[in-house]
Amino acid sequence: MKAKIQSILLLAVMLSSIYCFGQTRNFYDNGRGDVIDEEAYKKKYLKASKKLSKGVFIYQRLTEKYSKNDSVVYSYEWHITNDIEKFELGTKTTNALIGKEYPIKSIATLNGKTVNIDSLKGKPTLINLWFTGCKPCIDEMPILNKMLAEHSDRFNFLAITFDSEERVRRFLEKFDFDFPQIVNSKELTSNLGFDYYPTTLLLDKSGKLAFIKGQIPYNGKKMSDGSTFIELLEELL
């Protein structure tokens with residue numbers, strides 16, 4: 001049986017949908033443990049999104065496609081934008097990266113260690129794209145730090161920002177973010193089409209981009225423990 005699984009980020013709420021050919025109903029998980037059917041979903045979420053998005057566009061963006069056992073898995077994010085042409089261009093750019101090596105050339109982190117795509121090969125890698133003025137980025141840092149502390153022997157962890165070295169160093173005097181930091185790098189962020197933050201990139205052991213995700217998802221009003229990202233990294237072992 002072929003199954004199609006979709007996960008959707010809609011107005012900062014993670015929604016995942018599961019479709020099985022032959023079924024007559026589709027069900028959605030709203031990211032807070034509530035499973036609702038398609039009609040309820042359309043009434044509650046799509047109606048709300050249309051009301052809130054007056055004058056702007058809702059854009060569906062493919063973030064991954066892969067095969068798992070007898071299933072084909074698709075993942076999408078829905079974004080609100082007032083510049084559909086710019087967003088489409090960025091989407092095409094980022095989608096084109098999936099399945100290809102992430103283009104990290106030799107570059108020094110804040111602690112002076114040289115990183116390139118070859119140095120990351122052999123382990124799956126989680127890359128966090130962020131910037132210092134991003135509150136959702138700051139909110140998830142304690143969990144990212146915990147993930148690093150518990151899983152650094154199995155996976156690589158790396159943070160990349162377009163912010164300057166000076167700005168990042170000042171930020172790190174106030175906040176703990178233990179990831180190795182690549183700074184002042186539009187080449188690996190906005191120039192690749194990533195202009196929404198935080199973004200989580202998951203690379204396989206050969207350095208190829210396998211998943212594009214957003215923020216660590218929430219369980220109800222509380223941010224989860226990041227286990228969904230760890231599970232994806234484990235699939236890439």
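This is a predicted model: local features need pLDDT of at least 70, side-chain atom pairs count only at pLDDT 80 or more; totals for chains, interfaces and linings use all residues.

Reply: Contact here means heavy atoms within 4.5 Å. Asn 128 counts as buried because its relative accessibility is 2%, below the 20% under which a residue is called buried. Leaving aside residues up to four places away in sequence, Asn 128 touches Glu 140, Leu 144, Leu 158, Ala 159, Ile 160, Phe 177, Phe 179, Pro 198, Thr 199 and Thr 200. The C-alpha atom of Asn 128 is separated by 9.0 Å from that of Leu 202, although the two residues are 74 apart along the chain.

Several of these neighbours lead on to further features. Pro 198, one of the residues that Asn 128 touches, lies in the loop between E11 and E12, and a cis peptide bond, with omega about 0°, joins Tyr 197 to Pro 198. The loop between E11 and E12 also holds Asn 184, whose phi is near 55°, a positive value in a residue other than glycine. Most residues other than glycine have a negative phi, and most peptide bonds are trans. Asn 184 counts as exposed because its relative accessibility is 55%.

Ser 185 is found in the loop between strand E11 (181–182) and strand E12 (199–203), and it is buried, with a relative accessible area of 2%. The side chain of Ser 185 reaches the backbone nitrogen of Leu 188 at 3.4 Å. With residues up to four places away in sequence again not counted, Ser 185 touches Ile 160, Thr 161 and Phe 162; Ile 160 is also among the residues that Asn 128 touches.

Phe 177 and Phe 179, two further neighbours of Asn 128, belong to one aromatic cluster together with Trp 130, Phe 157, Phe 171 and Phe 175. The count of aromatic pairs comes to nine. One of them brings together Trp 130 and Phe 171, whose ring centres are 5.1 Å apart and whose planes stand at 50°, so the pair is tilted. This pair links distant parts of the chain, since Trp 130 is in strand E9 and Phe 171 is in helix H5, 41 residues apart, and both Trp 130 and Phe 171 are buried. Phe 157 and Phe 179 form an edge-to-face aromatic pair, with 5.5 Å from centre to centre and 65° between the planes. Because Phe 157 lies in strand E10 and Phe 179 in the loop between H5 and E11, the pair ties together parts that are 22 residues apart in sequence; both Phe 157 and Phe 179 are buried.

In soluble globular proteins, nonpolar side chains tend to be buried together.

Finally, the structure holds one disulfide, which joins Cys 134 to Cys 137 with 2.2 Å from S to S. The torsion about the S-S bond of Cys 134 and Cys 137 is about 80°, so the disulfide is right-handed, and both cysteines are buried.

Notes. Residues are numbered from 1 along each chain as its sequence is written. Side-chain values use heavy atoms; hydrogens and water are left out. Helices (H or I, at least four residues) and strands (E, at least two) are DSSP runs, numbered from the N terminus. Buried means under 20% relative accessible area, exposed over 50%, partly exposed in between (1.4 Å probe, protein chains only). A polar contact is a pair of N or O atoms within 3.5 Å; within protein, one must be able to donate a hydrogen and the other to accept it, and residues adjacent in sequence count only if both atoms are side-chain atoms. A disulfide is a pair of cysteine sulfur atoms within 2.5 Å. Rings of Phe, Tyr and Trp (its six-membered ring) pair if their centres lie within 6.5 Å; planes under 30 degrees apart count as stacked, over 60 as edge-to-face and the rest as tilted.
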